[in-house]
Amino acid sequence: MDQVYEILIHKIHDYGGTVNELTGDGIMALFGAPIALEDAPQRAIRSALATHREISKFYERVNQEQKGIPPLKMRIGINTGPVVVGTLGNNLRVEFKAVGDTVNLASRMEGLAEPGSTYVTEDTFKLTEGFFRFEALGEKKVKGKKKRHKVYQVIAPSTRRTRFDVSAERGLTPFVGRKRELDLLLDVFERAKAGTGQAISIMSEAGVGKSRLLYEFRKAVAHEDATFLEGKCLSYSRGVAYHPITDILNANFDIQDGDADVEISEKVKRGLKILGADEASTLPYLLELLAVKDSGIDKISMSPEARKDRILEALKRIVLKGSEIRPLIMAFEDLHWIDKSSEDSLRDLLENISGARVLLIFTYRPEFVHTWGGKSYHSQVTLNRLSNRESLAMVANLLGTEDMDKGVEELILEKTEGVPFFIEELVKSFTEQKVIERRGNRCHLVKDIKEVIVPSTVQDVIMARVDALAEGAKGVLQTGAVVGREFGQELIQVVTGISERELLSHLSVLKDSELLYERGIYPQSTYIFKHALTQEVAYNSLLFKRKKEIHETIGRAIESLYAQRLDEYYEILAYHYLKTDSFEKAYEYLKLSGNKTTKNYSNWEAFRFYKEAIEVLNRLPETDDHKTKQIEIILLVVSPMMFLGFPEDSLRILLEGERLCKELDDKKSLAIVYSLIGIYYMHKGKPLEAIRYSEIGFEEPRKIQDIELMAPIARGLCVSYIAAGEFRKAIDVAPNVTDVLEKTQRESDLFGAPFNSYTLLCAYYGLSLAMIGDFKKATPSFERGLPVSLAINHLATLGAAEAMYGLSFIAKGDGINAIEHFQKSIRYFEESRTVLIFAVAWSGLGSGYYFLGDLEAARKHMEKGLNLTMGGGSEWWQSFHYLYLSKTHFDLGDPRSSRSFIEEALKLSQKKSEKHFEGASWTWLGRILGKTDASQSDTAEEHILKGIKILDELRIKPWCSEGYLYLGELYADTGQRGKALENLKKAGGMFKNMGMDYWLAKTQEILGRL
């Protein structure tokens, strides 16, 4: 077993693995822990294949010495995922351990594996597919796991050794953003062809496109009479001397995997003959590099130094001889992983190509520093990240569409920052995680960004760089990652607790590594992570407990350093304390952040802060004090909640407030919460439920004439009445409350609510008067209320009040005044970022254009209004959009669409108990039938009469008189002159009394025809 263990340990170490544990008859190893490797799953599988080969050879040797020994074979299981690593034990015995489900599942794979085979999980398969050939073994029952797991057996390596090779096999995205660099490569090739040897280095960070540029260059010169040879440095080949050189030799002499030593020798001899190179001084050294056993080099007596010199001479000789036959391009990729012997060989080649038809191309990352000096024939090109436009072109190709939400574009641009590899991997990962979803031809963001997991391919690349840092610099980087994407020197020094000199040393290392860049002048420097993903990966590399400790330290440091201007840091403090167990502090800063953002009309941010404050309080014991705080937050969240049109979770929050108020017997807060639930239902298209809750909330304050409660609750009650078409009830309530507000001189008060009650009660009273036809009284009511909110510059209130004002002119048929007020309303809503009845304002604007006869403008604005309400906006007066779209389409000469819209208006109005819109829809549907189908005149008459009855019961005179107009028109069209005159004169008289000139003119026009 000692010899077996030796084989296992060597094969694990050869590929950068760490032996974690020796068992009685096996071994547990880690690849990528405790030091990250960017291709750990590949290394693990290559190590497994190498182990099987060596064990097989070992058995053959032992079996020759001792016949009859049972076959010796290994069973290997591999899984990929996160593990927790560290030391366990005490002062007497300490051992390195890795624990977690990832380790357990790897062990289960080993248990399932057949002797002599390697089984891997689906996670490992996905990360190494293309690099190896696998056999899918289906889903297997795994001990200790509820669900079955897909299992794959490793068969053999494929011919593809790099990520780019695999990507090229699957299909590449269009080549973007590198035309200048490609032209530069073609230029140096032209100089090399002319006999002036050239070398060019392509440098960039990981994933920016070195291999792709080389691939495109090779395609571009494919028609040239030139030899193109490539050698690749691999992450696990640093310990293998001349690894990229042997790639070149294999390609040059057409040596294939599996060729025997004799075949290799013959191929090299034939090649040297073609080149005209001296066989005696060249062949043994090339065969030695190609690991041919009888290379003949052992017969030559010389020192190791002399042997190396002759190997270099042999390589130089075949390069120069080859370039005499045809131009020679030699590309060496990923020199940051090059072995020392190969580097010496490249330096020697570079010294001797100036007069040869040779082009050397090197690719490497910024951390590689070449050892050859400056040469006039050596140039360097640095690849920059793609621009946003180029990045989006790549994303569009990967998603198969250019049509994507702004959120999708912003998320990918923010996370990838122009690195093609990151773009490709994140788009693939986001699609698999269902973060991005395609509906039709458009891509949408369907998951919270917080749920996004960085793909392990990207994480490994970044973490390998982080783990390569010295411990002190790595600690500063990880601590900085907890602070955020950027951090100040003063703060990081307090948090880390190290001396200024030591900190500056670590920061210098991080800048040189290009993980951070510095902005500002010392000592007010700010350090910024070069990539957002670097910060994310560094943050996630810390254990949960350690992250909590650092967040707490950061919070206390900010409180100490910036005590005089703490309000600037409320949001940052809320973020950090939210990540700790200091729930009281998290609650306090979340509340302060919510208050601050509410004042700035940053409604989504405010809603999120308040909602998180509620969630933090839910983690604390349910004491009366905590319940009181929760009620306070629930009442604060109402402002952004309303401005946003009651987003998801609004009702749950309000019902929780109802429960808490009842438990604490807080009657005042309960009345407000009832009113808020009523307003919620009103905006969700349930006006009867809204009225029920609002009336319950209003009852007690009305009895005791508590204006603090009456004002905000009456506002909600009146708008609920208006939603249901109960304008008379709104007329009974609104002036009583405004009178009390005037007597107590509290017209400007908000009473802790999101709107000014006085202005809106005046507006609701004005609209209700207009809807029953009292336009003369309506206008003064609006004009009385608006100056109050203008004086305090309350934009959201002004937006709602101007919308009501506009609706009153729509009821009258006055397009000019309606447009003026709706335009003001939209401006106020946009400035305050209020979406509550934004949709109605847009459709109202369209209705104004309808009355002016500008039907295309009318249709465009109404469609915007409908789209807003359908996209999650308020459902208040939803039937309104369909009613006026129907009228517009009818006048545009599209009766089919007109009927479709009015039928939808009728269905919605009945479902949502909007009786006024039901009445208006019946009358308009009757008119459509009467105008489009003479055989339906009886049905048309029934519909119009049904609508008039409903509207008459509600005493909505403007729309009722429209009904009489349509009825008279129907009778005129069907030759019933007497009935026509009777109804048209009735309509005309009502229009005249109400001052509805637009409709009076329409009536007189029809009467004129009679």
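Met203 has Thr382 in strand 13 as its bridge partner. Strands here are DSSP runs of E with at least two residues, and helices are runs of H or I with at least four residues, both numbered from the N terminus. Strand 9 (residues 198-203) and strand 13 run parallel, joined by five bridges; two strands count as paired if DSSP finds at least two bridges between them. Keep in mind that this is a predicted model, with local features needing pLDDT of at least 70, side-chain atom pairs counting only at pLDDT 80 or more, and totals for chains, interfaces and linings using all residues. Residues are numbered from 1 along each chain as its sequence is written, and side-chain values use heavy atoms, with hydrogens and water left out.

Zoom out and you get an open sheet of five strands, in the order 10-11-12-9-13, with parallel pairing. Strand 10 (227-232) and strand 13 (378-382) sit at the edges with a single partner strand each, so one side of each has no neighbour in the sheet. From one strand to the next, the twist averages 15 degrees. Helix 12 (residues 340-351) lies across strand 9, strand 11 (328-333) and strand 12 (358-364), and runs at about 145 degrees to strand 12. That angle is taken between N-to-C directions on a scale from 0 to 180 degrees, using axes fitted to C-alpha atoms, for helices over the stretch in contact.

## Aromatic pairs

How many aromatic pairs turn up in a search of the whole structure? The search finds 39. To count, the rings of Phe, Tyr or Trp (its six-membered ring) need centres within 6.5 Å; planes under 30 degrees apart are stacked, over 60 edge-to-face, and the rest tilted. Take Phe487 and Phe529: their ring centres are 6.2 Å apart with planes at 65 degrees, so this pair is edge-to-face. Phe487 belongs to strand 16 (residues 486-488) and Phe529 to strand 18 (residues 526-529), so the pair ties together parts 42 residues apart in sequence. Phe487 is buried at 2% relative accessible area, and Phe529 is buried at 0%. Buried means under 20%, exposed means over 50%, and partly exposed is in between (1.4 Å probe, protein chains only).

Tyr850 and Tyr884 also make an edge-to-face pair, 6.3 Å centre to centre with 75 degrees between the planes. Tyr850 is in helix 35 (residues 838-852) and Tyr884 in helix 37 (residues 878-891), so this pair ties together parts 34 residues apart in sequence. Tyr850 is buried at 6%, and Tyr884 is buried at 1%. Both tyrosines belong to one aromatic cluster, whose members include Trp876, Trp877, Phe917 and Trp959.

## Charges over rings

Lys864 has its charged end over the ring of Trp842, 4.1 Å from the centre. Arg692 lies over the face of Tyr693, 4.7 Å from the ring centre. The cut-offs for a charge over a ring are NZ of Lys or CZ of Arg within 6 Å of the ring centre and within 35 degrees of the ring normal.

## A buried serine and the cysteines

Ser808 is part of helix 33 (residues 795-812) and is buried at 4% relative accessibility. Leaving aside neighbours within four places in sequence, Ser808 is in contact (heavy atoms within 4.5 Å) with Leu767, Ala770, Phe775 and Phe782.

As for disulfides (cysteine sulfur atoms within 2.5 Å), a search of the whole structure finds zero. Cys233 is buried at 1% relative accessible area, and Cys443 is buried at 2% relative accessibility.
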